[in-house]
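Please look at the sequence and the structure together while reading.

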Amino acid sequence: MAAVPVHAANPIITSIYTADPAPLVVGNTMYVYAGRDEAPAGTNNFVMREWHVLSSTDANTWTHHGARANIATFPWAGADAWAGEVEPRNGKYYWYTSVNGNGPGWMNIGVAVGDSPLGPFTDAKGGPLISDSTPNSSGLNIDPTVFVDDDGQAYMYWGGYWAPRAVKLAANMIDTVGPVVTPQGLTNYWEAPWMFKRNGLYYMMYAANDTNGCVVNTNYACQRYATATNPLGPWTHRGIVLGQVSSTTNHAGIVELNGQSYLVYHTADAPGGGNFRRSVAVDKLYFNADGTIQRVVPTTGGGGGGGSGTNIAPVATASTSYVSPWESLSAINNGGTPVNSQDRSSLVYGNWPQQGTQWIEYRWSSARSVNRSSVYWFDDNQGIDVPASCELQYWNGSQYVNIAGQSTCGTTAHVDNVITFNTVNTTRLRLQITSRSGYSTGVLEWKAFQA
């Protein structure tokens, strides 16, 4: 298949369904390696037989290079072209994949090799690198992530069913060295690990499916992350990178291109999409000064890797119709990442005992272009509950007016409720909050994103 351009939006490709993306940056180009979902509409199971590659030099306009590997790449395999990742070493590119072998057991990890990021790729080993017969293998041997440290030692993490595993790789990248170990500290790990290093600190992002601030239904997943000072851990949980998305699975990778970090993930947002018809998306990602990661709010439509994605709430002056004397207005834009809607580990905003419609507001010293917002509600299980409804307004120079084209203002607990709308250029943004009967309302974090 000849390389073809695809549109600059999320999802980044809609001509086919793609899933389990693994980004790789080589020079000034980002490559995304993804499985192809081929399940017909109404089929409630994965149908995946090949892996595709997309590339971009700006994380905005993408080129689709077609299928660059498939199940037949591995003569010993027979089905299930699941998640994989490419790692360069010694002038070659090693593609580690989740694939179902023809032998006993279920999923295995294979490795293919090519001379360029686009291949062609061939089986590098002639059999599985990891299988059910590997001592201390995972409950489900899927989702490999490979990382080569500064000293040249390579590591591979993988595993599903709450069973993360890690092992050192030989310099040839196709053999393991030493025992398979069970990493410690990956709180609520489910599957889909992604490892990288930044400023001397090791990061591990992974899918979790707990309801402790991660998702509202354990059929779904979020992306948590942990850090360590040693590549094999122990790990310390740090927070959530990406909350629940529209697909039940949640699989992501982080890379830096031209000085900007990006989160590459999948959703069910393409036309006709679903849990077995997923599509790759890309959004900008930001680190705080202390190395923690700011939570990403997904964009759709024309967003993608394009708009700045910068949360400009922290540089705004906040005001409100009312705040309880024992709560704090500064809670709404202090950059916190709540664990759940009852999280009091940081400041909280609440307006008890007021009921009905209250508001919170941001003012900037100069006009800002804004097209997206998110709000994380506070619920103390007493007099404060999630609201009945909410709505965004902006200052048009003389009065507050409703923003055109805004999506539903969500009132779900334990998640970032994202609101998208037509871009407005304004110095003030107001969130009108209407309480449920008999309750007041509260907010843990309210973000506003620059268009």
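## Disulfide links

Counting bonded cysteines along the chain, the disulfides of the protein follow the pattern 1-2, 3-4, and the structure holds 2 of these links, a disulfide being a pair of cysteine sulfur atoms within 2.5 Å. The model is a predicted one, in which local features need pLDDT of at least 70 and side-chain atom pairs count only at pLDDT 80 or more, while totals for chains, interfaces and linings use all residues. Residues are numbered from 1 along each chain as its sequence is written, and side-chain values use heavy atoms, with hydrogens and water left out.

Cys 390 is buried because its relative accessible area is 13%, and Cys 409 counts as buried at 9% relative accessibility.

Is Ala 413 buried or exposed? Its relative accessible area is 16%, so Ala 413 is buried.

Leaving aside neighbours within four places in sequence, Ala 413 is in contact with Val 216, Ser 341 and Val 386, contact meaning heavy atoms within 4.5 Å. Between Ala 413 and Thr 43, which are 370 residues apart along the chain, the C-alpha atoms are separated by 31 Å.

An open sheet of 4 strands has the order 11-12-13-14 and antiparallel pairing, where two strands pair if DSSP finds at least two bridges between them. Strand 11 (145-148) and strand 14 stand at the edges with a single partner strand each, so one side of each is left without a neighbour in the sheet. Neighbouring strands of this sheet are turned by 20° against each other on average, direction ignored; the axes are lines fitted to C-alpha atoms, for helices over the stretch in contact, and angles run from 0 to 180 degrees between N-to-C directions.

Strand 11 and strand 12 (residues 154-158) run antiparallel and are joined by 4 bridges, and Val 146 stands opposite Met 156 in strand 12. Strand 13 (residues 165-169) and strand 14 (residues 176-181) likewise run antiparallel, with 3 bridges between them, and Ala 166 has Val 181 in strand 14 as its bridge partner. The hairpin of strand 13 and strand 14 has 6 residues between the strands, and there Met 173 takes a positive phi near 70°.

Another open sheet is formed by 4 strands in the order 15-16-17-18, with antiparallel pairing. Strand 15 (189-198) and strand 18 (236-242) stand at its edges, each with a single partner strand, so one side of each is left without a neighbour in the sheet. The twist averages 25° from one strand to the next.

Strand 17 (residues 222-228) and strand 18 run antiparallel and are joined by 5 bridges, and the bridge partner of Thr 227 in strand 18 is Thr 236.

## The protein as a whole

The protein has 0 helices and 28 strands; helices (H or I, at least four residues) and strands (E, at least two) are DSSP runs numbered from the N terminus. Along its principal axes the C-alpha trace spans about 70 × 45 × 45 Å. For 451 residues, a compact globule would have a radius of gyration near 22 Å, and the 23 Å of the protein agrees with this; the radius is taken over C-alpha atoms, and the globule rule is 2.2 Å times the number of residues to the power 0.38.

Of the 451 residues in the protein, 58% are buried. Among contacts with a separation of 6 or more, 59% come from residues 24 or more positions apart.

Terms used: Buried < 20%, exposed > 50% of the residue type's maximum accessible area, 1.4 Å probe, protein only.
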